[in-house]
Amino acid sequence: MGHREQLLAAARQLLEDKGYAHITARDLVAASGTNLASIGYHFGSKAGLLNTALGELFEEWARQLAEIALADPHASPMERAHRTWAAFLEHVGGRRALLVSFVEAMAQADRSPDLREQLAGTYRNVRTAASRIIADALSTTPDDPRCAAVASWVMAVCDGLAMQWLLDPAAAPRGEDLLRGLADLRALSG
C-alpha cells in the first residue's frame, strides 16, 4: 500500500473515531505511518484528504443501504424504503462519529469552495446510484426525472433522520414511524 492509500485508510479511521474538526495533520501522519509532505503531494491539504475520505465513506454507506434495499427482488418500493430506513437506524449508532464528522464538514463547506464541491459531488453520486435503483423499481430509465426526485426525497429523509438521531436518539423516528407518516400524509392529501 502506497502513501496515498495509507493516508486515506488513516483518515477514514480517524473520521470514524475522532470527528472531522479534531483531526490534525500530525494525527494523520501518526496513524498512516507516512509524512506531512505526503498529505500535500497526494491531496493538496489536510482538508483535501479528509474530504476525499469522507466522500468515500458516505458513498460506501449508501451502497450498503442500496444492497439492503435490493435484497428482496419481490419487495415493493415501500417495503424497500422501509428496509433502508430500518437498516439506517439500526446501524447509525456505530457511525455517530462519522455523522458528526459530516456535520462538521458541512459547517465548513460555505467557507471552502473545494469542500462544498466535494460534498456536492458526493450527493450527486449517491443521487445517481439511487436513481438507478428507483428506475428499476419504476420500470423506467434512470434519466426519468421521477427517479432523481424520489432519490432526492429519500436522501432528504436519511439526512433528516441522521440529524434527529444525533440530537435525540431515543426520540428519533423508527422505520415504521416513517411509513405510517407517509401513509397518513397520502391519506390527508387525497
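**Close-up views of helix packing and a loop residue**

**View 1. Packing of helices H5 and H8.** In this predicted model, H5 passes H8 in a right-handed crossing. The residues at the contact of H5 with H8 fall into eight nonpolar, no polar and no charged. Helix H5 spans residues 77-91 and helix H8 residues 145-167; their axes come within 11 Å and cross at roughly 25 degrees. This crossing makes H5 roughly parallel to H8, because angles under 35 degrees count as roughly parallel. On the H5 side, the contact is formed by Trp85, Phe88 and Leu89, which meet Trp153, Val157, Cys158, Leu161 and Ala162 of H8.

**View 2. Packing of helices H1 and H2.** Helix H1 (residues 3-17) packs against H2 at an angle of about 115 degrees, and their axes are 8 Å apart. H1 passes H2 in a right-handed crossing. From H1, Gln6, Leu7, Ala10, Ala11 and Leu14 meet Asp27, Leu28, Ala31 and Ser32 of H2. By class, the contact of H1 with H2 comprises six nonpolar, two polar and one charged residue.

View 3. Thr34 is located in the loop between helix H2 (25-32) and helix H3 (36-43). The relative accessible area of Thr34 is 11%, so the residue is buried, the cut-off for this class being under 20%. The side chains of Thr34 and Ser32 are joined by a polar contact of 2.6 Å; Ser32 is also among the H2 residues that meet H1. When residues up to four places away in sequence are not counted, Thr34 touches His3, Gln6, Leu7 and Val29. Of these, Gln6 and Leu7 belong to the H1 side of the contact with H2.

Key:
Residues are numbered from 1 along each chain as its sequence is written. This is a predicted model: local features need pLDDT of at least 70, side-chain atom pairs count only at pLDDT 80 or more; totals for chains, interfaces and linings use all residues. Side-chain values use heavy atoms; hydrogens and water are left out. Axes are lines fitted to C-alpha atoms, for helices over the stretch in contact, and angles run from 0 to 180 degrees between N-to-C directions. Helices (H or I, at least four residues) and strands (E, at least two) are DSSP runs, numbered from the N terminus. Angles under 35 degrees count as roughly parallel, over 145 as roughly antiparallel, 65 to 115 as roughly perpendicular and the rest as oblique. A crossing is left-handed if the near helix is turned anticlockwise from the far one by less than a right angle, and right-handed if clockwise. Contact means heavy atoms within 4.5 Å. Ala, Val, Leu, Ile, Met, Phe, Trp, Tyr, Cys and Pro count as nonpolar, Asp, Glu, Lys and Arg as charged, and the others, Gly among them, as polar. Buried means under 20% relative accessible area, exposed over 50%, partly exposed in between (1.4 Å probe, protein chains only). A polar contact is a pair of N or O atoms within 3.5 Å; within protein, one must be able to donate a hydrogen and the other to accept it, and residues adjacent in sequence count only if both atoms are side-chain atoms.
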